[in-house]
Every structure is written in structure tokens, then in C-alpha cells.
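I opened my notebook today to get to know a structure I had never seen before. Here is what I looked up, in the order I got curious about it.

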Amino acid sequence: MFEKLKKAISTLTSAATQKTLSEDEVVKSLEDFELALLESDVAEEVVSALTTRVKQEVIGLKLSRSIPTQEYLKEKLLKIIREEFFKAKPIDLIQRINEKKAKGEPYVIVFLGINGTGKTTTIAKFAYLLKEKGFSVILACADTHRAGAIEQLTTHAERLALKVIAQRYGADPAAVARDAVIYAKKHRVDVVLVDTAGRMQTSRNLMDEMEKIIRVVNPDLKIFIGDALAGNDAVSQAKEFQRFTNFDGVVLTKVDADVKGGAALSIVYVTSRPILYLGIGQSYDSLKPFDPDEFVRSLLNAEGASER
Ligand code: GDP
């Protein structure tokens with residue numbers, strides 16, 4: 001994964017060769033860079049913001065002859081990207097669950113995102129991961145709109161031997177989530193994973209419903225599910241969900257099918273929220289912790305960049 005993005009970085013670093021970086025030269029170099037990043041599925045607004053910052057930092061710079069220009073530009077660019085990833089503070093999920101467990105209380109996670117992004121599958125993966133870590137888990141079906149939502153979650157629960165809290169279609173989703181939390185408290189369940197709706201008549205209705213669920217259950221963690229294949233759409237969805245739900249972190253799904261890496265950069269850039277895990281397949285164990293260091297290092301080692 002991320003090969004295209006690495007190539008995009010290489011393109012920029014090979015562009016300028018002189019010691020004083022003129023505006024013309026930088027702008028021209030950045031054109032290639034912009035194109036390459038767009039090809040990597042980084043959202044347009046993020047490409048524009050990144051290149052503006054690079055321009056501000058490098059135009060007019062006089063570099064010592066001992067500093068290779070290409071390397072210098074590469075470091076500038078990667079510094080900006082690295083700052084974005086580290087602005088988003090990582091979340092140690094297991095530690096947080098343990099802290100809540102020590103108080104005898106369930107840890108409640110609400111999953112948010114548009115239908116089809118992989119929300120339900122990700123909930124099943126979380127359940128699998130947390131069971132493996134020795135936690136007891138229940139699922140709550142707070143999507144009472146989409147036909148099949150309850151059955152889909154129930155199928156995962158049966159495979160994973162978990163209890164599902166659900167009501168009929170049309171029931172109040174916040175009430176389902178609240179029931180699940182009450183059940184977890186009563187039966188000393190460690191973690192409650194709440195599935196939510198991903199599409200309603202209007203986006204405003206959806207956001208109102210998410211706000212209500214959050215108000216009623218006061219979750220410990222709100223996770224936005226972003227689809228790595230959705231490009232600019234994933235970014236606009238992330239922005240809207242963040243505005244209404246102020247989510248804490250992101251799981252980026254379908255990264256196995258996305259070799260470009262642009263969505264990871266875009267979502268972190270526009271929301272300043274950390275990516276917790278990457279979905280890398282359809283099986284329950286296909287959830288990989290996201291490592292920003294590894295991501296940025298892979299950019300530093302961009303193929304061909306150091307040879308030019
Ligand atoms: P929801 O509507 O957001 O709940 O989405 P689903 O969980 O039903 O997932 C939609 C489709 O995406 C299903 O076919 C999943 O198997 C698939 N999917 C989910 N996560 C991943 C992933 O990380 N990689 C791949 N390749 N497919 C995934």
C-alpha cells in the first residue's frame with residue numbers, strides 16, 4: 001500500500017536543483033507534485049493546503065552548497081506531513097478499556113459512518129480483537145432504519161458467540177444503545193460496540209440522530225469509519241461527521257484494495273484526528289493498528305528519491 005504516495009513524494013524531491021529557490025521554479029516543481037498527489041487520491045483541498053505551505057517555506061531560500069537541494073525539499077515536505085500525523089494524538093484503546101474496567105464500568109464505543117464504508121464489518125473485527133484480548137463484548141444495533149441491519153449484525157454476533165441488543169425496525173436508536181449500556185452494567189460486560197445508521201432521508205436527520213445517541217449514552221469513544229476507496233467523498237464525510245459528532249478517531253477501511261495512501265493523509269489533515277486501525281481485508285482478523293511512524297518512514301524511504 002501507499003506506493004503511489006511514495007512516488008508522489010519522489011517526484012517533488014527530484015524537481016528543484018538550484019541553490020536559490022525561485023518562485024517560478026518552486027511553483028513549477030509543485031505542479032508535478034500536485035498532480036502526483038491527486039493521482040494518489042489525496043483530496044484537492046489537502047493538496048492545495050500542503051503545496052501552499054511548502055511554497056511559503058521554500059521560496060527564496062538560499063541553501064548552503066553542502067546541503068543537497070533535493071534532500072532539503074524532501075525533508076521540508078515530510079516535516080509538514082509528519083506534523084499532521086503527530087498533531088493527532090494516538091489513542092491506546094486497550095489501556096482505556098482496562099481503566100474503565102478497573103472502575104467496574106463498561107467501555108462504550110459508537111461507530112459512525114456512511115452505509116457501505118465497512119462499519120458493521122469493522123465492529124465485528126473490533127469484537128474479535130477485544131475478545132482475543134480477553135474482554136467481554138456485546139453489540140448494539142442502533143441502526144433501526146436499514147432493512148437487514150439487525151440481521152447482518154446478528155450474523156456476526158452468532159459467528160463470534162456474542163450477545164446483540166436490538167429492537168424492532170423503526171425503534172428509537174438512542175433507546176437501543178441505552179438498553180445495551182444498561183445491560184452491560186448489570187452483567188458486567190467490559191465493552192459495548194454500537195452500530196449506527198449510515199443513511200437517512202437527509203444528512204441533517206442522520207446527524208440529529210447521531211447527536212441524540214451520543215447525548216443519551218455519552219460514549220467513551222466515537223470512531224468514524226472512512227473508506228479508503230472513497231477519495232474526496234471520504235474527506236467530506238469525515239468533515240461532516242466531525243462537525244456534528246466531534247469523533248475521537250478514525251478507522252480507514254479497504255486499505256488492502258487501496259495502494260495509494262491518499263485518504264489516510266487527507267482525513268488526518270482535515271480532522272486532526274488519529275487513525276487507530278486500518279481495515280485490510282474482509283476477515284475478522286484483518287484489522288491492523290495504524291503506525292504513523294511507519295507511514296512517514298515509508299515516505300522517507302520513498303523509492304528512488306535518494307538516488308536522484
Ligand atoms: P456498512 O454498510 O458500513 O456497515 O458496511 P459493511 O460492513 O456491510 O461493508 C461493506 C462491504 O465492504 C462488505 O462487502 C465488506 O466485506 C467490505 N469491507 C469492509 N471492510 C473491508 C476491508 O477492510 N477490506 C475489504 N476488502 N473489504 C471490506
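Predicted model: local features only at pLDDT ≥ 70, side-chain atom pairs only at ≥ 80, totals over all residues.

**Entry 1: around the ligand.** Which residues come nearest to it? Of the 16 residues around the ligand, I noted Gly116, Lys119, Thr120, Thr121 and Gln282 as the nearest.

Next I looked up polar atoms facing the ligand's oxygen atoms. Gln282 has a polar side-chain atom 2.6 Å from a ligand oxygen. Gln152 also brings a polar side-chain atom, and I found that one 2.8 Å from an oxygen of the ligand. With Lys254 I had to look at the backbone instead: one of its backbone N or O atoms lies 3.0 Å from a ligand oxygen. I then asked how much of the ligand the protein buries. On its own the ligand exposes 580 Å², and the protein buries 79% of that.

**Entry 2: the whole protein.** I stepped back for an overview. I counted my way through twelve helices and eight strands. The protein has 308 residues, and buried ones make up 53% of them. Its exposed surface comes to about 13800 Å², with carbon and sulfur atoms supplying 47% of that. I also checked contacts between residues at least 6 apart in sequence: 77% of these join residues at least 24 apart.

**Entry 3: the nonpolar cores.** A general reminder to myself: in soluble globular proteins, nonpolar side chains tend to be buried together. Which residues touch the most other members of the largest nonpolar core? In this core of 65 residues, they are Phe241 and Leu252. The element that gives the most to this core is helix 11 (residues 262-271), which supplies seven residues.

**Entry 4: Thr253.** I then turned to Thr253, which sits in strand 6 (residues 249-253). Is Thr253 buried or exposed? Its relative accessible area is 4%, so I wrote it down as buried. A polar atom of its side chain lies 2.6 Å from the backbone oxygen of Thr117.

Entry 5: How many salt bridges does the structure hold? I got 15. One of them joins the side chains of Glu83 and Arg53, at 3.1 Å from N to O. Glu83 is in helix 4 (residues 69-87) and Arg53 in helix 3 (residues 44-58), so this pair ties together parts that are 30 residues apart in sequence. I noted Glu83 as partly exposed at 35% relative accessibility, and Arg53 as partly exposed at 21%.

Glu57 and Lys79 form another salt bridge, with 4.0 Å from N to O. Here Glu57 belongs to helix 3 and Lys79 to helix 4, so parts 22 residues apart in sequence are tied together. Glu57 is partly exposed at 27%, and Lys79 is partly exposed at 38%.

These residues turned up again when I looked for networks: Arg53, Glu57, Lys76, Lys79, Glu83, Glu84 and Lys87 are linked by salt bridges. Lys76 is in helix 4, and at 17% relative accessibility it counts as buried, the cut-off being under 20%. Beyond four places in sequence, Lys76 touches Glu57, Val58 and Leu61. From Lys76 to Val58 I read 8.1 Å between C-alpha atoms, for residues 18 apart in sequence.

Entry 6: My last stop was Arg204 and Asp208, whose side chains meet in a salt bridge at 2.7 Å, N to O. Where do the two residues lie? Both are in helix 9 (residues 203-217), four residues apart, which is about one turn of the helix. Arg204 is partly exposed at 43%, and Asp208 is partly exposed at 35%.

Note on methods
Residues numbered from 1 in each chain as written. Heavy atoms only, no water. Core = buried A, V, L, I, M, F, W, Y, C linked by side-chain atoms within 4.5 Å. Buried < 20%, exposed > 50% of the residue type's maximum accessible area, 1.4 Å probe, protein only. Near = heavy atom within 4 Å. Polar contact = N/O pair within 3.5 Å; in protein donor to acceptor, adjacent residues only side chain to side chain. Areas by Shrake-Rupley, 256 points an atom, 1.4 Å probe, with all protein chains shown as cover. Contact = heavy atoms within 4.5 Å.
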